Amino acid sequence: ITIYLYIIFSAVLATILESLVGTFFEKQFNIVLWEYSGLRLKFNKYCALMPSLFWGIAITLFMNVFFERIYNKIYNIKKDNIYSFTIASLIIILLDLVNIIFINA
């Protein structure tokens, strides 16, 4: 796959996701999180050519420059550390839930 096809494919996927998320939030919660009404070459309220190209380039750069480094760092974390982090995260979430339900009720 050439870099140009990768950018185009990434832009198309990002555009589809932008359209789905924007429409979902507007229909379900009556919230407009963003809109591109001021931009030229817009596809709908939530999608326009320039942001789509930006996302395509940004995704391509991330995947080709940073992803492998991040993946290798995560892959090399010891399992004991992952378990400790998971338990600590669950405790924090449960404490927050208790705080929301019983203290701030």
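I began with Y46, which at 3% relative accessibility counts as buried. The model I am reading is predicted.

**Aromatic pairs**

I searched the whole structure for aromatic pairs and found eight. I then located the two residues: W34 lies in the loop between α1 and β1, and Y46 in the loop between β1 and β2, so the pair ties together parts that are 12 residues apart in sequence. W34 is partly exposed, its relative accessible area being 23%, whereas Y46 is buried.

I next looked up Y71 and Y75, which form a stacked aromatic pair with 5.9 Å from centre to centre and 20° between the planes. I placed both in helix α2 (residues 49-75), four residues apart, about one turn of the helix. Y71 has a relative accessible area of 44% and is partly exposed; Y75, with 61%, is exposed.

I also recorded a cluster in which ring pairs link F24, F25 and F29.

**Salt bridge**

I asked how many salt bridges the structure holds. I found one. In this salt bridge the side chains of K45 and E26 meet at 3.1 Å, N to O. I noted that the pair links distant parts of the chain, 19 residues apart: K45 is in the loop between β1 (42-44) and β2 (47-48), and E26 is in helix α1 (residues 3-29). I checked the accessibility of both partners: K45 is partly exposed at 32% relative accessibility, and E26 is partly exposed with a relative accessible area of 24%.

Conventions: Residues are numbered from 1 along each chain as its sequence is written. This is a predicted model: local features need pLDDT of at least 70, side-chain atom pairs count only at pLDDT 80 or more; totals for chains, interfaces and linings use all residues. Side-chain values use heavy atoms; hydrogens and water are left out. A salt bridge is a side-chain nitrogen of Lys or Arg within 4 Å of a carboxyl oxygen of Asp or Glu. Buried means under 20% relative accessible area, exposed over 50%, partly exposed in between (1.4 Å probe, protein chains only). Rings of Phe, Tyr and Trp (its six-membered ring) pair if their centres lie within 6.5 Å; planes under 30 degrees apart count as stacked, over 60 as edge-to-face and the rest as tilted.
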